[in-house]
Amino acid sequence: MRETPEELTELQALLDASLSRSTEHLRSIVTEHTLTAEQLTRILAGMCTLALSTVTAKGEPRISGVDGHFLHGKWYFGTARSAAKARHLAARPAASVAHMRGEDLGVFTHGTVEILNPEDDEPAADWPDLLTYFKDFYGDHTDWDKDVFYYRLRPHWMTVYAPDAAKLIAKTVGS
């Protein structure tokens, strides 16, 4: 878990506010089957496969998979600079991601992306620390600043479905 107490407080506020703004139908499913911010950050350690949704210039939805990392209460992911999703996100930075583990866990997030290592601009202030994290995780086998764009998804809505939180937490502790 890499979150500070302040980040956990912000994440919990986001989870609570998102659920309160959700439809009655979603609340009826999720309210009794969700996680706290602290539980979520423990369960989402390491790489989590995400379904990333973007939109084309014609307004058509596109979905693809990316390696996601949940750090500091936000999703981080990368893609090739030449990928269609990179063009979509550059033009239309609104995005949604879903991380699902069978029927055990669903984390659904809507937000806006920012490029951490832009091609023709200064990188994000925390890019050096994030780059260290990514190199530790993946190894240093690529030219990070030429091959891949990395993104931070700043969520404005996030909800979690976890029908058996104890089971997920036990799996995390046993890992």
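User: Which residues of helix α4 (residues 84-91) are buried?

Analyst: This is a predicted model, in which local features need pLDDT of at least 70, side-chain atom pairs count only at pLDDT 80 or more, and totals for chains, interfaces and linings use all residues. Residues are numbered from 1 along each chain as its sequence is written, and side-chain values use heavy atoms, with hydrogens and water left out. Helices (H or I, at least four residues) and strands (E, at least two) are DSSP runs, numbered from the N terminus; buried means under 20% relative accessible area, exposed over 50%, and partly exposed in between (1.4 Å probe, protein chains only). In α4, the buried residues are K85, A86, H88 and L89.

User: Within what arc do the buried residues of α4 fall?

Analyst: The arc is that of the directions from the helix axis to the C-beta atoms. The buried residues of α4 line one face of the helix, because seen down its axis they fall within an arc of 160°.

User: Which exposed residues does the opposite face of α4 carry?

Analyst: The buried side of α4 is covered by elements including β1 (47-55), β2, β3, β4 (94-101), β5 and β6 (148-161), where contact means heavy atoms within 4.5 Å. The face turned away from that side carries the exposed residues R87, A90 and A91.

User: Which residues of helix α5 (residues 127-138) are buried?

Analyst: Helix α5 has 12 residues and reaches 16 Å from its first C-alpha to its last, close to the 16 Å expected at 1.5 Å a residue; the expected span is 1.5 Å times one less than the number of residues. Its buried residues fall within an arc of 160° seen down the axis, so they line one face of the helix. The face turned away carries the exposed residues D129 and D136. The buried residues of α5 are W127, L130, L131, Y133 and F134.

User: Why do residues three or four places apart in an α-helix point the same way?

Analyst: The spacing follows from the turn of the helix. Residues three or four places apart point the same way because an α-helix has 3.6 residues a turn.

User: With which side chain does the side chain of T109 make a polar contact?

Analyst: T109 is found in strand β5 (residues 105-115) and counts as buried because its relative accessibility is 0%. A polar contact is a pair of N or O atoms within 3.5 Å; within protein, one must be able to donate a hydrogen and the other to accept it, and residues adjacent in sequence count only if both atoms are side-chain atoms. At 3.3 Å, the partner of the T109 side chain is the side chain of W75.

User: Is H72 buried, partly exposed or exposed?

Analyst: H72 lies in the loop between β2 (61-71) and β3 (74-80). Although H72 is not a glycine, its phi is positive, about 55°. Because its relative accessibility is 28%, H72 counts as partly exposed.

User: With which residues is S22 in contact, leaving aside neighbours within four places in sequence?

Analyst: S22 is placed in the loop between α1 (5-21) and α2 (24-30). S22 counts as buried because its relative accessibility is 7%. Beyond those neighbours, the contacts of S22 are R27 and W157.

User: What percentage of the 175 residues in the protein is buried?

Analyst: The protein has seven helices and six strands. Among its contacts with a separation of 6 or more, 70% join residues 24 or more positions apart. The buried share of the 175 residues is 41%.
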